Structure formats: C-alpha cells, structure tokens
Amino acid sequence: MAPSFGSYIAGCLAVIGILAALGLGGYWLRRWIVPEFSGALARLADATLAVALLMLSLEILGSLSILEFGWIIVLTIAIGLGAAGLGYWRAGERREEIKAPAVTKWALLLAVAVASFTMAEWTFPSQWALDHGMFGGDTTWYHMPFAATMAQEHSTVHLHFTDPLRLAAWFYPQSSELVNGAAIVLFKTDWLSPLLNLFWLAIALLACWCVGRPYKVGPATLIAGAIILDSGVMIETQPGEARNDIMGLAFLVAFAAFLINAHQRRAPREGTAVQDAPERGAPLLDKGPLVMAGIAAGLAASVKTTFLVPVAAIAIGVFLFSGKGRRWTTAWILGLSMLVTGGYWYVRAAIKTGGNPIPITKFGPLHLPVPDQMPLDPRPRFAVAHYLDQPTIYRHWFFPQLENALGPLWPLILIMAVAAAGFIIWRSGNKILRVLAAAALLTAIVYVFTPLTAAGQPGAPTGFFTNTRYLIPGLILAMVMLPLARPLRAPDRRAWITMWFLAAVYWITVLTTPKWYPTYIFGTIFITLALVWVPAALGVGRSRGVLSRRIVTAAGVLTVLAAVILGRAQETQFAEQHYTKTTLFLQEGGPQKAYAFAQKLQHQRIGIIGDSEIIFGQYGFFGNPPTNEVEFIGVPGPHGAYRLPTSCEQFMERINAGNYDYLIMSRSTEDSRDSPEYGEYFYPVYDWVRNDPALKKVIEELDIVPQPDWVFKVNGKVSPKYCPTPKQEEEFEEEVETEEEEALAEEEKAREEEQAEEGEGSGEEGVE
C-alpha cells in the first residue's frame with residue numbers, strides 16, 4: 001500500500017524546505033567564495049555547494065544514528081540557513097562578476113536541443129522503473145539494500161554485509177545510497193529512487209557547458225559530453241536505477257569546470273573568449289575557485305572508488321604546476337576541501353578495518369589490513385589487459401560490445417578522445433588543460449588493467465559491456481576538452497564547424513540508444529521542461545535582463561507545484577505496480593515465489609543465504625515499502641570480513657544469532673560441488689536445516705534455475721542436533737536431484753504439449 005496522502009504532503013514539504021534552505025546556503029556561500037562567478041558557472045557552483053551541505057548534514061545525522069524524519073528536516077535546514085548567514089556576512093559588497101563570452105542564438109538552441117534529447121532519453125527508463133521497479137543487478141545487490149538499511153537503522157555507522165564475495169561491497173563509498181536512504185525516510189517509500197539520477201544528469205550537462213564557457217565554446221563542450229552521457233552503456237545502466245556513476249561524473253566534470261574557469265580573466269574585447277593562459281605574474285589558481293574545485297572533487301570521490309584515479313591525478317598535477325611558493329597553499333586548500341566533502345566513507349572504512357581507507361588494496365609495502373574474504377567473485381575477475389594479445393576476443397567481444405556501449409561511431413569517439421588529450425598535453429600552453437588531459441589518459445590506462453573490466457569465464461568476458469562504465473570518467477574528460485584545443489576553436493569559424501561536427505556525431509550515436517514509449521511522452525515532456533527548458537530559459541532571461549526575479553520565482557513555484565501534484569499519482573502507482581512482475585529479477589531466474597511472498601511482508605527480519613540468485617536480487621526481499629530487515633547469513637571476521645558458514649553447526653549458530661522471522665535460501669552456496677573455481681565453497685545449506693522442527697516450510701520452488709529455493713518461517717531456536725550425518729547429506733542430495741529432474745521433465749512435457757497445440761491450431765503447415 002502507498003503511504004497516506006498526509007505522509008506524501010509532509011515528505012514534499014520537507015523536500016521543498018530542505019532544497020530551499022540548501023539552495024540559499026549554496027547561493028550565499030558562492031557569493032562569498034567565488035563572487036566573480038556568473039551565469040551558468042555560478043549556478044553550477046550553487047548546486048555543488050548545496051549538494052555538499054546536504055551530504056555533510058546527512059553524514060552528521062548518520063554518524064549520530066539519528067537519520068530520522070524530524071532530524072533530517074531540522075539539521076539540513078539549519079545548516080542551509082547557517083551557511084546562508086555566514087556567506088551573507090562574509091560576502092560584503094557585491095563584487096563585479098566576470099561575464100561569459102556571448103554565444104550565438106543558434107549555438108544556444110542547438111545545445112538546449114541536445115540537452116533536451118539526452119534528458120528525454122533518460123526519462124523513459126526512469127518512468128519504466130516507476131511502473132515496474134528497479135531490476136539492475138548492482139541496484140538490487142547492494143545500492144538499494146544499503147539505502148534501505150540506512151533508512152531502517154537511521155545510521156551510517158554499521159556495515160551492512162550483503163554477501164561473502166571478495167569485493168566487500170560494504171566498504172564502497174555510499175554518498176548516492178545515503179541520498180536514496182534519506183529520500184526513503186522522508187517519504188516512507190523508495191518511489192523517488194528511480195528519478196534521482198535525472199537530477200545528477202542535469203548537473204552533469206550544466207558542468208559540461210561550463211567547461212567550454214570561458215572559451216566561448218560551451219555549446220560544443222555540452223554536446224561532446226552528451227555523446228558520452230547519452231551512450232548505450234549509460235542508458236542501459238543509469239536512468240531508473242540506483243547505480244551511482246552519473247553522480248560521480250557530474251562532480252568530476254564540475255571539478256574540471258571550476259579549474260578551467262579558475263584563472264579566467266576578462267576578455268580583451270567584449271564578446272571574445274579568454275586567453276589560453278593567465279596574465280603574466282598572476283597566480284595559477286585563486287583560492288576561491290580552488291575551494292570550489294576541491295568541494296566538487298571530494299563529492300566525486302565520495303561516490304565511487306573508480307573516481308579516485310582522475311581526482312587524485314588532477315589534484316597532484318595542480319599541486320605540481322602551482323608554482324614555487326604556492327604549492328603548499330594549493331595543497332592545503334584543495335586537500336582540506338576534498339577531505340571535508342569526500343573523506344567520510346574512507347575514514348569510516350579506515351576505522352572499521354583498523355587503518356585501511358581503501359580495503360580493496362593493501363597499499364603495497366605498507367600491508368594495511370584488508371578483510372579476509374573468500375575468493376568468490378560475481379564473474380572471474382579478468383582485466384582487459386588479460387586479452388591484449390588475443391585478437392579473436394577483440395572481434396567477438398570487445399568490438400561488438402564497444403558498439404553497444406558507445407554507438408556505431410565508437411572508433412571515431414575513442415580516436416577523437418585520445419587525440420584531443422594527446423594534443424593538449426603536447427601543445428597547450430594552459431597548464432590546467434594539460435593536467436586534465438593527462439588525467440583522462442591515465443584513467444583510460446588504469447581502466448585497461450582494472451580487475452573485472454573483462455570479467456567472465458576465460459575467453460568469454462561477459463562483464464565487459466557493463467564495466468565500460470569504468471572507462472567513462474576518462475572518456476568524458478577527454479571529450480569535453482576536445483573543443484578547447486586551439487586549432488578547433490580559433491577562429492570562430494572553426495569553433496562553429498567543430499560544434500556542428502560533434503552534433504552530427506551525437507545524432508548518429510543516439511540513433512542506437514532510444515527506448516521511447518508512447519505512454520510516457522507526457523512525463524518526458526514535463527521532466528524535460530522542469531530540468532532543462534525552465535532552467536535554461538530563466539537563466540538566459542535573467543542574464544540578459546529580460547526576466548525579473550518575480551517572474552523567475554513564479555516560474556519556479558509553478559514547476560514545483562506541478563511536480564507535487566503529479567508526484568502523488570506516481571507514488572501511488574509505484575506502490576501498486578513495482579516488483580509485481582518478479583520474472584524481471586535476474587533475467588527470469590531466481591526465487592520468483594519468494595520475491596512475491598517477501599514483497600507482502602512488513603517489518604520482518606529475513607535471513608538469506610545461497611547462490612547468485614539470492615545475492616544479486618536481494619532487494620526484492622525488502623518488501624513494499626522496504627521495511628523488512630534483510631541480512632545475508634554469514635560469519636563476521638576481523639577488519640570487516642564476512643564469510644560463509646562452513647559447517648551445519650556454525651550455520652545454526654548464525655541463524656540463532658540473527659533472530660530472524662524468515663529464512664530464504666537456495667539449495668547450496670554454489671551451483672555444483674565440481675565447480676572448477678569455487679567447488680571448495682559448496683555448502684548444502686538447505687540440507688543442513690531441512691529437518692529442524694523450528695523451521696516451517698512456507699515456499700518451495702523446485703522448477704527454477706540455477707537452483708531450487710525455499711522460504712522458512714522461523715518459530716524458535718534451531719538446534720545443531722538436527723544437523724544431518726554425512727550419509728544423510730548424500731541421501732538428501734540424491735533426493736533433491738531426483739526432484740529437480742522430475743520438475744524439469746514436467747516442464748519440458750508441458751512445453752511440448754503447448755507446442756503441439758500451437759501446431760494443430762495453425763493447420764497442415766504448422767504440423768509439418
């Protein structure tokens with residue numbers, strides 16, 4: 001059932017109040033920190049500061065374990081208004097803003113068209129997810145379980161163990177999940193989660209514009225960024241899901257935009273672009289823009305560890321190029337602002353592991369502690385580099401999947417990105433651009449050697465497509481800098497040709513990505529209106545003195561009011577429809593009846609254990625709304641480790657320790673004892689508990705792949721005395737295999753009968 005109308009209105013008022021306070025705080029902080037910023041760049045800084053204030057507020061509440069409705073409202077509004085007061089007090093008299101070089105009307109219209117089409121394409125999967133639910137593997141594996149657990153526990157202190165895999169996902173940065181968790185608290189449901197990535201996309205598009213803004217090529221850099229943001233891999237993995245790449249990309253590009261704009265000087269003539277280098281004798285970076293850059297960099301790093309490479313590379317480059325006498329000032333300003341906005345999850349990991357902020361590595365000779373996980377992976381962890389000398393893999397896997405990921409012009413896109421980065425490193429006189437280009441190339445090189453980029457069985461890198469996401473940070477940095485290369489932007493005629501060439505590449509690329517549903521057209525128009533057309537129109541109108549503040553305020557109020565009215569219908573529809581079609585989990589595999597059963601439960605403790613279908617679809621067990629406490633049954637270890645129980649007795653002990661209301665499990669923890677990689681981690685968990693009288697069988701699914709599954713109601717403490725003997729385990733295994741064979745035989749027989757009926761119904765040709 002959907003939350004009450006009163007609950008919905010309370011959530012909407014809370015969100016409006018929070019955004020208003022944080023927006024005001026961001027505005028006045030920006031007026032103090034970078035008063036010279038204007039137009040689109042000022043709005044990007046406002047948004048970045050508002051998000052930073054939001055994250056700091058939620059991290060404080062989570063650390064105090066009071067991430068609750070009232071406290072979220074009180075603290076976020078208090079911090080927003082406090083920041084506004086501080087900024088207003090310190091800003092002093094209004095300093096003259098540095099205006100951006102004017103772009104032509106047609107260039108502006110083309111940029112808005114590309115941004116609108118990109119946003120529109122993202123809205124269709126998002127609206128589909130509002131109808132059906134979020135089914136992406138990472139979303140249901142750990143993104144949304146983290147968010148729901150934060151909302152239930154009102155805390156970010158405790159680790160939520162999702163599985164026994166080597167990846168130790170509970171140590172990943174979780175800023176995106178924290179925002180999702182706060183939204184669940186405010187609305188008592190997760191209906192906003194399929195839409196949140198649209199807001200990050202809007203910030204990303206604005207940041208792409210701002211990269212080229214001081215050089216009069218903002219439309220071209222926006223289009224170049226949209227080629228990547230609207231690519232196949234982004235459309236398939238981001239909109240309508242809780243995957244967090246887009247949030248990191250938004251603030252990575254904002255990091256680059258603030259650095260590029262940091263040393264802008266007034267153009268020699270009004271309407272012309274700034275020069276390549278700062279004025280002679282001027283510092284490379286002023287303190288205010290450096291603070292903004294650090295805040296954006298910290299936000300990017302707080303989202304995903306894959307953003308650490310470009311962020312660290314850029315920060316080190318800025319430090320080295322700052323010049324004698326400025327390096328340490330640059331280091332502490334940039335480093336402190338990055339730490340404040342991006343250090344939370346790494347400090348948390350260091351505390352939980354006993355000293356390691358990034359537990360996926362021991363940091364070479366330092367040998368920092370890492371969780372001793374079992375060597376289990378979603379897929380064998382091959383890197384792209386593993387296949388560099390195997391051209392058949394290129395032809396059968398890499399090239400086709402690159403086309404799916406980046407479109408039919410993927411060779412041209414990669415060549416343009418590498419060439420642009422290489423040229424800027426070699427020929428540009430702008431040190432900041434050279435640093436950004438070098439970081440882009442370094443990110444691409446690291447991608448090639450990153451584990452899981454070609455994950456899959458030997459010779460079959462099935463994980464290559466989805467993990468091209470790890471290449472996207474370097475690729476988008478290189479692409480947005482392509483229009484900044486001097487031969488492509490000066491004189492204006494070349495800049496014009498470059499922009500239209502990029503537009504042609506964009507339109508050809510997006511021909512392969514659309515997923516347009518006629519039933520969602522109205523929603524697409526409204527979302528595009530709210531996130532692209534209205535902000536663009538109001539921004540241009542204000543900057544040119546056409547629109548007054550009253551008109552801007554009225555337009556904003558009307559947009560928000562329309563969103564509130566339409567949102568209630570979406571919330572109700574989401575509650576009624578999402579996750580009702582359980583076959584969408586894991587590509588029609590996994591515990592379908594168990595999903596349907598768990599969706600109806602509320603406020604129950606559910607222990608889960610088993611193979612991949614249990615691990616990767618576990619968000620389906622959290623209920624509708626997500627109030628069930630779901631926990632993988634494992635054995636905690638030192639430094640944040642979490643491993644499988646290795647004996648019946650240990651399994652029984654962990655069940656009793658969990659105090660569960662229900663157990664959901666597959667037959668075993670691996671598909672087969674004979675698994676060449678993980679066979680030693682085969683544990684017959686169903687056989688261990690099947691005879692315990694404290695467990696009442698509620699659901700039994702024998703006719704599914706890859707394994708049968710069961711749901712048990714826990715009516716008391718389980719006892720090791722019911723553990724089977726080795727002989728009984730063998731008998732149980734034979735019995736289950738027989739049941740599976742019979743179920744599969746019945747399914748095959750039913751399929752043959754259905755085909756025969758279809759053949760008879762189609763006449764002689766059908767029978768033949």
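Which residues form a negative surface patch? The patch is made by Asp 703, Glu 741, Glu 742 and Glu 746.

## Before we start

This is a predicted model, where local features need pLDDT of at least 70 and side-chain atom pairs count only at pLDDT 80 or more, while totals for chains, interfaces and linings use all residues. Residues are numbered from 1 along each chain as its sequence is written, and side-chain values use heavy atoms, with hydrogens and water left out.

## The negative patch

Patches are made of residues with over 30% relative accessible area and no salt bridge, with like charges joined within 9 Å and nonpolar side chains (Val, Leu, Ile, Met, Phe, Trp, Tyr) within 5 Å. Accessible areas come from the Shrake-Rupley method with a 1.4 Å probe, and for residues only the protein chains shown count as cover. For charge, Asp and Glu count as negative and Lys and Arg as positive, with His and the chain ends not counted. The charge is placed at CG of Asp, CD of Glu, NZ of Lys or CZ of Arg.

Helices (H or I, at least four residues) and strands (E, at least two) are DSSP runs, numbered from the N terminus. Glu 741 has 55% relative accessibility, so it counts as exposed. The cut-offs are under 20% relative accessible area for buried and over 50% for exposed, with partly exposed in between (1.4 Å probe, protein chains only).

## A nonpolar patch

There's a nonpolar surface patch too, of about 620 Å², made by Trp 332, Leu 336, Leu 339, Val 340, Val 347 and Ile 351. Helix H13 (327-342) and H14 each supply at least two of its residues, and H13 gives the largest share, with four. Val 340 is in helix H13 and is partly exposed, at a relative accessible area of 42%.

## Helix H2 and what follows

Helix H2 covers residues 39-63, 25 residues in total, and reaches 36 Å from its first C-alpha to its last. That is close to the 36 Å expected at 1.5 Å a residue, where the expected span is 1.5 Å times one less than the number of residues. Since 18 of its 25 residues are buried, H2 is largely enclosed by the rest of the structure.

Inside H2, Asp 46 and Arg 43 lie three residues apart, about one turn of the helix. An α-helix has 3.6 residues a turn, so residues three or four places apart point the same way. The side chains of Asp 46 and Arg 43 meet in a salt bridge at 2.9 Å, N to O; the term stands for a side-chain nitrogen of Lys or Arg within 4 Å of a carboxyl oxygen of Asp or Glu. Asp 46 is buried at 9% relative accessibility, whereas Arg 43 is partly exposed at 39%.

After H2 comes Ser 65, in the loop between H2 and helix H3 (69-91). Ser 65 is partly exposed, with a relative accessible area of 31%.

## Salt bridges across the sequence

By the salt-bridge rule, the count comes to 16. What does Asp 138 pair with? Its partner is Arg 469, with the closest N and O atoms 3.6 Å apart. Asp 138 is in helix H5 (residues 137-153) and Arg 469 in the loop between helix H17 (431-449) and helix H18 (472-481), so the pair ties together parts 331 residues apart in sequence. Both Asp 138 and Arg 469 are buried.

Another bridge joins Asp 372 and Arg 643, whose closest N and O atoms are 3.8 Å apart. Asp 372 lies in the loop between H14 and H15 and Arg 643 in strand E4 (residues 642-643), so this pair links parts 271 residues apart in sequence. Asp 372 is exposed at 53% relative accessibility, and Arg 643 is partly exposed at 28%. Salt bridges that share partners also join Asp 138, Arg 243, Asp 245, Lys 304 and Arg 469 into one network.

## Backbone details

The peptide bond from Ala 490 to Pro 491 is cis, with omega near 0°, and Pro 491 lies in the loop between helix H19 (486-489) and helix H20 (492-510). The bond from Asn 624 to Pro 625 is cis as well, with omega near 0°.

Ala 168 has a positive phi of about 50° although it is not a glycine. Ala 168 is buried, with a relative accessible area of 5%.
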